[in-house]
Amino acid sequence: MSSKPTTLFDKVWDAHVVRDIQDGPDVFLIDRHFIHEVTSPVAFLGLKNRNVSVMFPERTFATADHNTPTINQHLPVQDPLSAKQLKALEENTFKHGISHWGLGNPKNGIVHVVGPENGITLPGMTIVCGDSHTSTHGAFGCIAFGIGTSEVEMVLASQCIMQPKPKKMRINVNGEMHKGVTAKDVVLYIISKLTAAGATGYFVEYAGSVFESMSMEGRMTVCNMSIEMGARGGMIAPDETTFSYIKGREKAPTGEAWDDALAYWKTLKTDEDASFDIEYNYDGVEIEPMITYGTNPGMGMGITELIPSAEDIDAGKASFAKSLQYMGFHEKEPMLGKKIDYVFIGSCTNGRIEDFRAFASIVKGRKKADNVTAWVVPGSHVVEAQIREEGIYDILIEAGFELRQPGCSACLAMNDDKIPAEKYAVSTSNRNFEGRQGPGARTLLASPLVAAAAAVTGQVTDPRTLIA
Amino acid sequence: MAYDKFTALKSTAVPLPIENVDTDQIIPARFLKATTREGFGDNLFRDWRYNGDDTPKADFVLNNSIYSGKILVGGKNFGSGSSREHAAWAIYDYGFRCVVSSFFADIFKNNSMNIGILPVQVSDAFLHKIFSAIEADPNAELEVSLPDQTITILATGESESFDINGYKKHNLVNGFDDIDYLQAMREEILAFAQKSRY
Ligand code: SF4
């Protein structure tokens, strides 16, 4: 067989196909399965009803994050329904021998933060979780995507899921990036170009110098938001940055196993002549700090631009007016200078140490604006500890912020961290859907730098004006 | 065996001509706290359907008794956003068995088929015709045939075919689910997994 040039995606996918069903999906082996308290209880119930056990408990990891409070985690959880889900996770994982990092565990945190942090996520793996932002793990050259509860049950029962092979898209971003432009801006820019459904049916590979020079944190931010343009997931070829991030982490291979793994990881890249179903090219120079003005992540713009009018946009015309009305904005007005009420920094999109460093770089020596309520929520206890060690905590406190305990928090507002109706929140999370951060809440998605600039000025501000 | 068999369905339909209906609208996150899959229908489209004080919003289609049926017809890019299967449960629990749109988000589509809801993807033009037919007569019926892979507006006789892969079709028609299939190939999976790197 002559070896046809293949993509990174093909290499990982093909290595995991157990059976290729004619006129149907592939049966696809899952290397790592992350579960949390919200989308797993019904899956375990299904197993019980079928009288089936977990096939490979050692390939599944559980953490509690979606529904957990971000203050007083040492106290019993107040909301009885949340408490019940947490208890169900504890009992189910105990019964089936699955490792569980529950509330209070020093390894606890948001599922897509703790996986990489502990070396569970490794290049070339297939990873699923009942959360759509599982695409985060693609930053390591993994095929990682979100699944529904029936599929969670499926993976517990069989370590497989059934998926038709998606089409392949490559997004190349090359060129120098301006100061003050972060990974979050790059991905918000791409989504604003492709629209919220522009990559549906595709799996994306991100390539080009912009991603090559990004940290792992930045790459995770980018891959995390792949789902916001409809993609099944996104991935970036592993390189030295990836390997040095992984080395020494708790579950990472060591000694001979490391050498062996490394040799394999180095093969994980797209061959030169491999082809994609579709490719897009962007120039990093074009990207400025981004902010969203509407109710889906595709409704983003450069922070100094004007909100477009319905005529200017291609997709979503029908909902455009409804969206602006919900946000209380008008066509052709600037976002700069808009007064805001809340700032949320956190989530699996921007809740890693680099994000808090960026936030602190602007907050340092300034004060939180009086009209702003800020929720500063680390992605995990490990991140929280780093924040303290690096002196970021002192900068935050000095500026009038408080640090919360880790969890998903206002990213999906299942716990008490809800933005009140009609209030404006600049948020580093990933979704600005109607009511996502609380009924009636109005979300402006942005980078940690833009969030910090808003937090200290009380309005939408170009962070570049505050960077020394 | 996870759900009822799906073969043909003849029903009036509920129109929701909104694009990008995301799963946070279908079922807001604060209602995801259950540990069983029943009862989600009560909160289907909660924030579009009810005011803050729980009184129904008169202008929302589910509160308009002239529309009913087992088919929900939504605008383009239906079911985007969160992977929560609860969105599909809520639609099922409310009484829908089929959702029609000109475009579906991937995960929602999978989730629907996994619990026995048939997602029918039609062309933009045909979707338009369906909305017009319902607007002209709220009692207009649609007929969906899974074996023939067709959807028909009975009042006008206009029909369009839709795609579904053979495996999923077989499952839906017989009421089988993927786990039944995977259980049957357990040995093959075990052997494959033993050789796998991770
Ligand atoms: S932070 Fe948000 S997107 Fe990330 S896992 Fe939690 S709920 Fe999902």
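Mentor: In the hairpin of S6(B) and S7(B), four residues lie between the strands, and B:Gly157 has a positive phi near 80°. This is a predicted model: local features need pLDDT of at least 70, side-chain atom pairs count only at pLDDT 80 or more, and totals for chains, interfaces and linings use all residues. Residues are numbered from 1 along each chain as its sequence is written, chains are lettered from A and ligands numbered from 1 in the order written, and side-chain values use heavy atoms, without hydrogens and water.

Strand S6 of chain B covers residues 150-153 and strand S7 of chain B residues 158-161; they run antiparallel and are joined by four bridges. Strands here are DSSP runs (E, at least two residues), numbered from the N terminus, and two of them pair if DSSP finds at least two bridges between them. Across the pair, B:Thr152 stands opposite B:Ser159.

In chain A, the residues around the ligand include A:His66, A:His112, A:Asp131, A:Cys348, A:Cys408 and A:Cys411, each with a heavy atom within 4 Å of it.

A:Cys411 is buried, at a relative accessible area of 7%, where buried means under 20% with a 1.4 Å probe and protein chains only. A:Cys142 is buried too, at 0%. Its closest cysteine sulfur, in A:Cys223, is 9.4 Å away, so the two are too far apart for a bond. With a disulfide taken as two cysteine sulfur atoms within 2.5 Å, the count over all chains is zero.

Note on methods: Buried means under 20% relative accessible area, exposed over 50%, partly exposed in between (1.4 Å probe, protein chains only).
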